[in-house]
Amino acid sequence: MEYGLAELALMTGYSVRSLRNFYRQGILTGAMIAGKYVFSPEDVERFVAQPFIKSGIQIKAKMRAQHFLEEEHARQPAACLIYDQPGEERSRELNRILLQYINRECAGELKYTYLFDSKINVGRFIFTGQTGEIAAALRKIEEGQ
């Protein structure tokens with residue numbers, strides 16, 4: 001599976017603009033095909049393995065949960081879910097399944113961050129959004145088991 005800028009932004013919490021800048025600086029490698037950025041799983045692995053990028057992703061993931069906890073004026077019911085999946089291969093497969101599902105069926109309301117921590121061999125998925133959307137994402141996880 002190859003990733004585009006929107007998918008990489010969704011996974012990492014970095015903006016598309018930041019990712020373009022990382023690409024121009026050589027921090028993020030990939031290819032430009034037919035005017036679109038394309039990143040292989042290996043490109044993404046190298047990118048997120050860099051200590052300052054990994055640290056940024058971790059901070060953004062923590063901030064997503066913190067922001068959810070501190071938001072006092074929610075306009076509608078919402079939920080925050082942190083899901084940990086042991087094992088690198090399984091975590092990557094779930095990430096692929098979830099990215100396809102979110103890009104195809106969610107209208108931008110479900111926020112999602114993914115980071116694999118090789119020290120503890122666990123993929124962490126953080127979701128915030130409407131309860132129905134998070135429940136649907138959980139069903140995709142169960143289907144993928």
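We begin with S91, which sits in helix α5. Helices here are DSSP runs of H or I with at least four residues, strands are runs of E with at least two, and both are numbered from the N terminus. What you're looking at is a predicted model, in which local features need pLDDT of at least 70 and side-chain atom pairs count only at pLDDT 80 or more, while totals for chains, interfaces and linings use all residues. Residues are numbered from 1 along each chain as its sequence is written, and side-chain values use heavy atoms, with hydrogens and water left out.

Is S91 buried or exposed? S91 is buried, at 0% relative accessibility. The word "buried" means under 20% relative accessible area, "exposed" means over 50%, and "partly exposed" covers what lies in between (1.4 Å probe, protein chains only). If you skip residues up to four places away in sequence, S91 touches Q85, P86, Y114, F116, V122, G123 and F125. Touching, or contact, means heavy atoms within 4.5 Å.

One of those partners, V122, takes us to strand β5. V122 is buried too, with a relative accessible area of 16%. Its contacts, leaving aside neighbours within four places in sequence, are D84, Q85, P86, S91, L115, F116 and D117. Look at D84 in particular: D84 and V122 are 38 residues apart along the chain, yet their C-alpha atoms are separated by 6.3 Å.

Now follow β5, which covers residues 122-129, to T128. T128 is buried, with a relative accessible area of 10%. Not counting residues up to four places away in sequence, T128 touches R64, F68, A79, C80, E109, L110, K111 and I134.

R64 shows up again when we hop to T113, where the two side chains are joined by a polar contact of 2.9 Å. T113 belongs to strand β4 and is buried at 2% relative accessibility. Beyond its neighbours within four places in sequence, T113 is in contact with L10, M11, T12, I57, A61, R64, R124, F125 and I126.

L10, M11 and T12 point us to helix α1, where they are buried along with L5, E7, L8 and A9. Why is α1 described as largely enclosed by the rest of the structure? Seven of the eight residues of this helix (residues 5-12) are buried, so the rest of the structure largely encloses it. Those buried residues pack against α2 (16-25), β2 (36-38), α3 (41-49), α4 (51-70), α5 (88-105) and β4 (111-117).

A34 has a phi near 50 degrees and lies in the loop between β1 (31-33) and β2. A34 is exposed, with a relative accessible area of 79%. N121 has a positive phi of about 60 degrees and is found in the loop between β4 and β5. N121 is partly exposed, at 37% relative accessible area.

Time to zoom out. The protein chain has six helices and five strands, and from the N terminus they run α-α-β-β-α-α-β-α-β-β-α. Its radius of gyration, taken over C-alpha atoms, is 15 Å, close to the 15 Å that the globule rule (2.2 Å times the number of residues to the power 0.38) gives for 145 residues, so the chain is as compact as a globular protein of that length. Along its principal axes, the C-alpha trace spans about 40 × 35 × 35 Å. Buried residues make up 41% of the 145 residues in the chain. Among contacts with a separation of 6 or more, 63% join residues 24 or more positions apart.

Technical notes:
Polar contact = N/O pair within 3.5 Å; in protein donor to acceptor, adjacent residues only side chain to side chain.
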